[in-house]
Amino acid sequence: MSSLHKSRIADFQDVLKEPSIALEKLRELSFSGIPCEGGLRCLCWKILLNYLPLERASWTSVLAKQRELYAQFLREMIIQPGIAKANMGVSREDVTFEDHPLNPNPDSRWNTYFKDNEVLLQIDKDVRRLCPDISFFQRATEYPCLLILDPQNEFETLRKRVEQTTLKSQTVARNRSGVTNQEQNIKPQFFAFRWLTLLLSQEFLLPDVIRIWDSLFADDNRFDFLLLVCCAMLMLIREQLMEGDFTVNMRLLQDYPITDVCRILQKAKELQDSK
């Protein structure tokens, strides 16, 4: 480990050991990349994403509360309406008689349930496509797993819901990247939809994706910065796009050639500073 890397780790540790975290300092450090040693990255992400508060003394209680809220969310949103399993501490009234799957009422719990299915199916497909060679994305995690994935329990599992739901096609409703080639009719939804919805996770190797996320999460306007990152990606291959035809350019946009993500982030930062 180089002395420079050790120095960066020490800088993060100094910020994180304070009773009250200096958020701006943490953002400044994180934007240039967060070390993974000692769980620094996961802790910084939790703070940057407001999962943990800035006051260290409350982290234990807040973390317990967050996990309970997540479990409650699963009980309320994932489990099919009208099904309960008392021995798991889940209780829901049976709404079958006053509500049913064919109820057209917008307030119907079933209506909401089916809409949620569409989102879950998209998430499931995205996760399956995300680094399928890495087992982490194909196996259960500690939270919550058994409640929604165990095929032996009485609930309709997430996997079954995904299998039973038909995904509706979606397009990018709003384009802020200004990246439409009128002559070739290359529309943003042909490539930007995947870039944006998956936070560039399919365009780069996983370590580079994580490096990009460090900068995204460190930015207070992270979604605006994501758009700038996408614009930077296009600007860096502008000459190639101008020379290629539709087929070549689509292959280029869907198999992005530049692997130096620091170069992309630097360009995006320049765009941000020039605004």
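Predicted model: local features only at pLDDT ≥ 70, side-chain atom pairs only at ≥ 80, totals over all residues.
Residues are numbered from 1 along each chain as its sequence is written, and side-chain values use heavy atoms, with hydrogens and water left out.

Now the overall fold. The secondary structure comes to 13 helices and zero strands; helices (H or I, at least four residues) and strands (E, at least two) are DSSP runs, numbered from the N terminus. Of the 275 residues, 38% are buried, where buried means under 20% relative accessible area, exposed over 50%, and partly exposed in between (1.4 Å probe, protein chains only). Among contacts between residues at least 6 apart in sequence, 59% join residues at least 24 apart, a contact being heavy atoms within 4.5 Å.

Let's go inside. The largest nonpolar core has 49 residues, and those with the most contacts inside it are Leu26, Trp195, Leu200 and Phe204. Such a core is a set of buried Ala, Val, Leu, Ile, Met, Phe, Trp, Tyr and Cys residues joined through side-chain atoms within 4.5 Å. Which element gives this core its largest share? That is H10, with nine residues. The core also draws at least three residues from each of domain 1 (3-58) and domain 3 (188-274), with bounds that come from an automatic or database domain assignment.

The structure holds eight aromatic pairs. Rings of Phe, Tyr and Trp (its six-membered ring) pair if their centres lie within 6.5 Å; planes under 30 degrees apart count as stacked, over 60 as edge-to-face and the rest as tilted. Why is the pair of Trp45 and Phe217 edge-to-face? Because the planes of the two rings stand at 85°, with centres 4.9 Å apart. Trp45 lies in helix H3 (residues 40-48) and Phe217 in helix H9 (residues 206-218), so this pair ties together parts that are 172 residues apart in sequence. Both Trp45 and Phe217 are buried.

Another edge-to-face pair joins Trp195 and Tyr256, at 6.1 Å centre to centre and 85° between the planes. Trp195 is in helix H8 (residues 192-197), while Tyr256 is in the loop between helix H12 (246-254) and helix H13 (261-273), 61 residues apart. Trp195 has a relative accessible area of 0%, and Tyr256 has 6%. Together with Phe191 and Phe204, Trp195 and Tyr256 form one aromatic cluster. Leaving out residues up to four places away in sequence, Phe204 touches Val209, Ile212, Met233, Tyr256, Ile258, Val261 and Ile264.

One more ring to look at: the charged end of Lys269 sits over Phe31, 5.2 Å from the ring centre. That label requires NZ of Lys or CZ of Arg within 6 Å of the ring centre and within 35 degrees of the ring normal.

Last stop, Leu16. This residue is found in helix H1 (residues 3-16), and Leu16 counts as buried at 4% relative accessibility. Beyond residues up to four places away in sequence, the contacts of Leu16 include Leu26, Leu40, Ile47 and Trp59. Arg56 is 40 residues from Leu16 in sequence and 8.4 Å away in space, C-alpha to C-alpha.
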